[in-house]
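Hi everyone, thanks for coming.

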Amino acid sequence: MRETVFEALAPVCPRCLHGAEQRSPLVVADRLETRADHLWHGTLHCSNPSCWLEFPVIDGIPIIVADPAAALANAQSQLLRRDMLPAPIAGVLADALGAGGEYDLTRQHLSLYAGDHFADWAPESRPANVVETLSRGFDILGEIPDGPAIDLGGSVGRGGWELSRRGLAPVVVADLNIPMMRLGQALALEGHIEIDLRRVGVVYDRVRIDLPEDAGASPDFWAIDAMMLPFTEDAFSLAAAINLVDCVANPTAVLSEMARTLAPGAGAILSTPYDWAPNATEISLWLGGHSQRGPTAGASEPILRQTLLQAGLPIVGEVLDAPWRLRMHARAVMEYSLHLLACRRDGGSRERPFS
């Protein structure tokens, strides 16, 4: 976490904001370790004396959520995970621990997301889906005001680099997956990383990714909840949410928070394959995908359009079938057809009735 970015965005306590409707600025309380221009280990505090909630900064990633203790408990194995092991040792562990466990699933997810986000920076150099999707969104959206941007659910962070390359600054990648953000953070600080790409089963090939000179300014990586953003109104000039709304507990809350934190005239780019799953979102909160006897016959597209309009994000344009081809392993790919939308925040007020 760069303190210049922290000061520019002026985050507030999410518990005070969403629980008591109070804007309580966060302050840096302890600077335990710095690396380059990043606060690497330290603590942030809520400035409200009746709250004084503590938020840790771990490995350069501030964890700013309404219940930090629960978040730390849920992510304890991720937080305590050691740096990448040498490839032969990682292979021994994979064979010993077997398939389907936490170690195997974490490696699969990192292979999937890092392999996709940085595909054009890897030796094989194939197109990166997130870059192409954002590019189509920007083409539809047109000009947007200068200022900060946020990439919601940005995982390893390629979208953050793309937003920076478009001239937006500062840029924050927001996610709750610590290993993914650590990987992106390492690339930002070191200029290169090594990732394990899944070949088959628990067999992986190690690949080096180098940060190109024209990549754009590196984003900051913050662990924050897209449904309860720790920012006041009008904080951002652009928000991106690529393939996020169908894998959160409350999609409507995410869209409402996007609208609340965007300045009037600011842009939003979002996409989704409507790949609903009950383990991520309760079926009653899906935007379509059920109730086929209702007025939309179960279709998701009209419900998303209506939800965006109600949130104050009128649609500038959309693509109903944007392709997304995801490498699962060396012999398998998964193809999605995304609904891609570009929106512009209306001029109406999104202020909460704070006391």
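**Holes, pockets and salt bridges**

So, β4 (61-64) and α9 (178-190) each give at least two residues to the lining of the largest cavity. Helices here are DSSP runs of H or I with at least four residues, strands are E runs of at least two, and both are numbered from the N terminus. Before I go on: this is a predicted model, where local features need pLDDT of at least 70, side-chain atom pairs count only at pLDDT 80 or more, and totals for chains, interfaces and linings use all residues. Residues are numbered from 1 along each chain as its sequence is written, and side-chain values use heavy atoms, with hydrogens and water left out.

Back to that cavity. On a 1 Å grid over the protein atoms alone, a cavity is a set of points where a 1.4 Å probe fits but cannot get out; a pocket is an open set with protein on both sides within 12 Å along at least five of seven lines, and lining residues have an atom within 4 Å of a point. Volume is the space filled by probe spheres set on the points, which are joined across faces, edges and corners. The largest cavity holds about 30 Å³, and its lining includes Ile58, Asp59 and Arg182.

Now, how much space lies in the largest pocket? About 1400 Å³. It has 42 lining residues, and Tyr113, Met180, Asn243, Leu244 and Cys247 lie nearest its centre. The top contributor is α6, with eight residues.

β12 (residues 315-329) and β13 (residues 332-344) run antiparallel, joined by eleven bridges (strands pair if DSSP finds at least two bridges between them). They form a hairpin with two residues between them.

On to salt bridges, meaning a side-chain nitrogen of Lys or Arg within 4 Å of a carboxyl oxygen of Asp or Glu. There are 19 in the structure. In one of them, Asp220 meets Arg2, with the closest N and O atoms 2.6 Å apart.

Glu233 pairs with Arg23 at 2.8 Å. Glu233 is buried at 11%, while Arg23 is partly exposed at 40%. These two also belong to a salt-bridge network with Glu257 and Arg260.

Note on methods: Buried means under 20% relative accessible area, exposed over 50%, partly exposed in between (1.4 Å probe, protein chains only).
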